Amino acid sequence: MGGSPLRNDLARIPTYAPSALEGITLDLRDNVNLWGMPPAALEALRSVGEDVGRDYPNVSAGALTTELARQLAVAPENIVAGCGSDDVIDACLRAVGAAGARVAHGDPSFSMVPVFARLNRLEPVGVPLRPDGAMDVDGLLATGAPFIYVCSPNNPTGTVTPRAELLRLFDQAPGMVLLDEAYCDFTDAHDLRTEAARRENVLVTRTFSKGWGMAGLRLGYGVGGARLVAAVTKARGPYKVNALAERAGLAALRSDADWVARVVRETVEARTRLGAALSGRAGVRVWKSEGNFVFLEVAERAADVAERFRQRGIGVRAFSGLTGIGEALRIGMAPWPELQRVADAAAEIWP
Ligand code: PMP
């Protein structure tokens with residue numbers, strides 16, 4: 001009778017659609033690696049033959065997962081790669097969550113998590129961060145949710161949850177824990193990938209989009225117990241890592257670690273330097289970020305401040321109404337000569 005064929009809850013789920021920004025010459029909104037792409041990965045892309053497009057890729061990025069497993073000293077069965085870590089998170093929710101089950105997550109945190117939860121017919125439950133920006137492990141446990149997502153360093157705040165707290169969460173969670181280590185290239189706080197491989201209820205996700213400079217190729221992975229990883233792989237589906245992404249990722253893993261280490265060092269230096277240039281300005285509170293971005297609470301409307309940066313050709317991400325925080329900006333890192341423009345703009349915006 002001509003009713004809509006769409007799910008009736010779909011209209012309530014937001015579409016991720018970042019607005020195009022006019023006149024931007026320095027775009028710091030997406031936390032990508034503005035140092036470029038690692039050289040061996042770029043060379044791998046330049047040297048492909050027509051088979052790269054003609055043939056299907058490996059069904060599950062076998063060569064890449066095997067190399068990752070070797071480097072981490074885990075089994076290939078402990079690793080699932082996907083079309084960005086987005087894909088791995090989405091597949092994990094689908095693999096684990098029974099319809100209608102709750103997914104507890106820090107609030108604020110990675111904005112796609114409640115969206116992926118709803119798209120998979122799960123019910124997201126936000127738990128405010130602690131005042132120091134760490135995940136509230138007791139609060140997350142108190143929800144009783146069978147699926148807990150935590151992000152450390154957290155997007156957008158950059159704050160870290162101590163390793164011991166994360167291990168306590170792994171031990172005490174009634175069900176599944178997904179720890180998103182997307183920004184762990186930029187901190188020494190924790191690396192719980194091999195720990196996850198020893199457990200059956202934990203998946204740790206990583207991405208090639210940040211330190212590894214390959215956001216456009218869409219490559220990420222999760223590490224966990226073999227049975228969990230098999231379930232996530234099934235829920236993800238075949239061929240999600242395309243042939244270009246696998247070849248570039250493999251080349252980078254084999255040959256670009258030094259490049260990544262240098263870029264990470266420069267990113268951390270830039271973060272410290274920009275943080276210092278911004279802190280102490282009236283109406284600005286700089287958080288202690290361990291990601292490849294600086295996060296600041298602002299007293300004015302964040303969108304208005306972002307507009308003033310835009311007028312100077314700089315794109316920054318504005319957040320409004322964040323739980324426990326309010327108005328805030330997130331500014332990605334770039335090599336310092338470019339980032340000097342942000343420091344100069346800030347000196348004009350908050351004299
Ligand atoms: N997790 C977090 C915390 C992120 O910030 C992002 C990207 N911004 C992702 C996961 C997804 O990254 P990708 O899909 O590019 O691997």
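**Burial, packing and backbone geometry**

Student: Why is Ala61 called buried?
Tutor: Ala61 has a relative accessible area of 1%. Buried means under 20% relative accessible area, exposed over 50% and partly exposed in between, with a 1.4 Å probe and protein chains only. Ala61 is therefore buried. This is a predicted model, in which local features need pLDDT of at least 70 and side-chain atom pairs count only at pLDDT 80 or more, whereas totals for chains, interfaces and linings use all residues. Residues are numbered from 1 along each chain as its sequence is written, and side-chain values use heavy atoms, with hydrogens and water left out.

Student: Where is Ala61 found, and what is its phi?
Tutor: Ala61 is in the loop between helix H2 (51-54) and helix H3 (62-72). Helices (H or I, at least four residues) and strands (E, at least two) are DSSP runs, numbered from the N terminus. The phi of Ala61 is positive, about 55°, although Ala61 is not a glycine. Most residues other than glycine have a negative phi, and most peptide bonds are trans. Just after H3, Ala73 also takes a positive phi of about 55°.

Student: What do the buried residues of H7 pack against?
Tutor: In helix H7 (residues 163-172), the buried residues are Glu165, Leu166, Leu167, Leu169 and Phe170. They pack against helix H6 (137-142), strand S5 (147-151), strand S6 (176-180), helix H8 (193-197) and strand S7 (202-207). Contact means heavy atoms within 4.5 Å.

Student: Which residues of H3 are buried, and what do they pack against?
Tutor: Leu64, Thr65, Glu67, Leu68, Ala69 and Leu72 are buried in H3. Their partners are strand S2 (79-82), H8, strand S8 (220-224) and helix H10 (243-255).

Student: What makes the span of H4 close to the expected one?
Tutor: Helix H4 (residues 84-96) has 13 residues and reaches 19 Å from its first C-alpha to its last, whereas 18 Å is expected. The expected span is 1.5 Å times one less than the number of residues. The buried residues of H4 include Asp87, Val88, Ala91 and Cys92.

Student: How is the packing of H4 and helix H9 (residues 226-236) described?
Tutor: Their axes are 8 Å apart and the angle is about 105°. That makes H4 roughly perpendicular to H9. Angles of 65 to 115 degrees count as roughly perpendicular, under 35 as roughly parallel, over 145 as roughly antiparallel and the rest as oblique. Axes are lines fitted to C-alpha atoms, for helices over the stretch in contact, and angles run from 0 to 180 degrees between N-to-C directions. Asp87, Val88, Ala91, Cys92, Arg94, Ala95 and Val96 of H4 meet Leu228, Ala231, Val232, Ala235 and Arg236 of H9. By class, this contact has 9 nonpolar, no polar and 3 charged residues. Ala, Val, Leu, Ile, Met, Phe, Trp, Tyr, Cys and Pro count as nonpolar, Asp, Glu, Lys and Arg as charged, and the others, Gly among them, as polar.

Student: Why is Val229 called buried?
Tutor: Val229 has a relative accessible area of 4%, under the 20% cut-off, and is therefore buried. Val229 lies in helix H9. Beyond its neighbours within four places in sequence, Val229 is in contact with Glu77, Asn78, Ile79, Val80, Leu203 and Gly224.

Student: How do helix H11 (residues 257-278) and helix H13 (residues 336-349) cross?
Tutor: Their axes come within 10 Å and cross at roughly 15°. This angle is under 35 degrees, which means that H11 is roughly parallel to H13.

Student: Why is Thr267 called buried?
Tutor: The relative accessible area of Thr267 is 2%, under the 20% cut-off, so Thr267 is buried. Thr267 lies in helix H11. Leaving aside neighbours within four places in sequence, Thr267 is in contact with Trp35, Phe186, Asn292 and Met333.
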